[in-house]
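My notebook is open, and I am going through this one a piece at a time. Here is what I looked up, in the order I looked.

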Amino acid sequence: MAFKFKFSGSGGTFPHGVHPPERKTFAENVAIEVMPPPQRVMIPLLQNVGAPSKIAVKPKATVAFGEKIADAGGFVSVPIHSPIAGKVMKVGTTTLPNGRHVPAIPIKAEGDQVSGQALWDDIFGGEWPREGLERYSRKEIVDAIQKAGVVGLGGATFPTHVKYVPNDEKPIDTVLINGCECEPYLTSDYRMMIEVPEPIITGALLLGRVTQARNIIIGIEDNKPNAIEVIRKAAAGTGIKVAVFRTKYPQGSEKQLILAATGRKVPLGGLPLDVGVAVSNISTAAVVARAVLRGKPLTHRVISVTGAGIRTPKNLLAPIGISMGDMIDYCGGLTEDAARVVAGGPMMGFAFSDMATPVTKGTSGITVLTHGDLKREAETNCVRCGRCVDACPMNLVPSKLALASRKKDIDLAQMYNIMACFECGSCAYICPAQIPIVQLVRTGKAVVIGASKK
């Protein structure tokens with residue numbers, strides 16, 4: 001099936017959405033810093049959408065940096081690799097920021113570690129060719145992505161290889177690389193575009209190669225002029241297009257991004273594949289390049305530690321499995337006014353209190369908010385003003401989803417398409433009654449999913 005292509009080179013956007021304060025200034029001008037290897041990591045066996053990974057090492061085993069420690073638990077799953085050299089301890093349990101308890105592999109650091117400039121060079125350094133990529137077959141690219149344990153690093157954590165398995169029934173003509181980073185505070189993707197554009201471009205070309213797409217687009221919001229300039233320069237001569245979008249939340253959501261970039265509307269309940277598009281985050285593209293060209297797995301990622309509640313905001317290249325408390329301590333600790341620690345950003349992230357909570361492949365940031373940031377009125381009754389409906393980028397009725405969730409009315413929740421909500425938080429942000437709509441929707445989804453398993 002052929003789709004019309006309408007490239008939005010500048011000024012593209014999508015209906016609805018909101019404009020929360022950006023608050024990128026805490027860390028946007030702070031260069032990425034390599035974090036020293038920790039003494040211990042805790043590696044959750046669930047770090048992706050789909051099946052959890054299966055442990056592949058025994059307690060007391062010695063593992064090297066980058067060695068596989070868990071196998072994929074199915075096709076929609078990925079293997080996991082050790083971010084440090086060390087000894088495997090007895091399998092335990094850890095709590096993810098969303099409150100879910102999952103099995104995890106503790107590893108105690110032992111021996112020489114890859115760190116500092118050597119680690120940076122291993123992950124981002126060297127040459128990243130743009131020519132000669134045709135020597136890699138489509139199968140070789142997908143297999144390398146799968147073997148490296150790559151997932152979507154924008155937060156969705158969908159196994160990347162699944163998106164790019166050739167599908168003759170639903171061919172992809174457009175690969176869209178997401179550099180919008182619309183979530184307030186977070187700046188890890190921005191720093192990646194500024195500092196290491198080369199692997200991003202090479203990864204985008206490889207994803208274009210595997211899909212045989214006619215169009216490769218990198219989308220960036222217009223509040224990032226420096227990143228736009230750097231990426232345009234890096235992409236010159238490759239055929240990659242750079243689309244500049246008006247700054248609005250949640251422009252980085254894949255369905256809104258597709259509409260703004262191509263004019264195509266993903267149907268409710270549908271996937272980008274249904275309109276001939278594949279979407280990946282810019283950090284994911286860089287990891288793809290490393291996996292295919294160098295055969296190296298995903299062990300580290302760039303994470304923003306930011307907000308008024310952190311003493312020294314930073315962008316850190318950190319190992320998967322390090323505790324969020326260790327990262328906060330490395331940034332000078334919390335300020336006296338710190339009130340809430342969020343895994344991710346304030347719109348879609350999860351607040352947590354256990355500083356032993358580990359970083360996962362999907363951790364793009366740690367945002368620390370102050371008491372001043374959290375000042376708000378008490379919750380009141382819904383006044384049916386309709387602002388949540390006007391803001392919803394999915395054209396849902398958030399007030400009715402919240403009501404159905406409060407009443408645990410499964411039929412009503414499904415009638416109003418609760419599972420189509422991707423929890424962007426636009427409704428809760430704009431609600432004058434201060435109703436915690438996103439939290440209610442998450443509860444409602446859990447009830448719907450629980451009922452479907454009975």
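I started with my terms: buried means under 20% relative accessible area, exposed over 50%, and partly exposed in between, with a 1.4 Å probe and protein chains only. Helices (H or I, at least four residues) and strands (E, at least two) are DSSP runs, numbered from the N terminus.

A note on the source: this is a predicted model, where local features need pLDDT of at least 70, side-chain atom pairs count only at pLDDT 80 or more, and totals for chains, interfaces and linings use all residues. Residues are numbered from 1 along each chain as its sequence is written, and side-chain values use heavy atoms, with hydrogens and water left out.

**Entry 1: helix α6.** I looked up α6 (residues 225-235) and found A227, I228, I231, A234 and A235 buried. Down the helix axis these buried residues fall within an arc of 135° (taken from the directions from the axis to the C-beta atoms), so they line one face of α6. After α6 comes G237, with a positive phi near 85°.

**Entry 2: helix α11.** In α11 (residues 398-406), I list P398, L401, A402, A404 and S405 as buried. Their arc, seen down the axis, is within 165°, so these residues too line one face of their helix. They pack against α10 (387-391), α12 (410-415), α13 and α14. K408 follows α11, and its phi is positive, near 55°.

Entry 3: Which strands make up the open sheet, and in what order? I read β4-β6-β7, with antiparallel pairing; strands pair if DSSP finds at least two bridges between them. The edge strands, β4 (54-55) and β7 (80-81), each pair on one side only. β4 and β6 (residues 68-71) are joined over two bridges, and K54 has D71 of β6 as its bridge partner.

Note on methods: Contact means heavy atoms within 4.5 Å.
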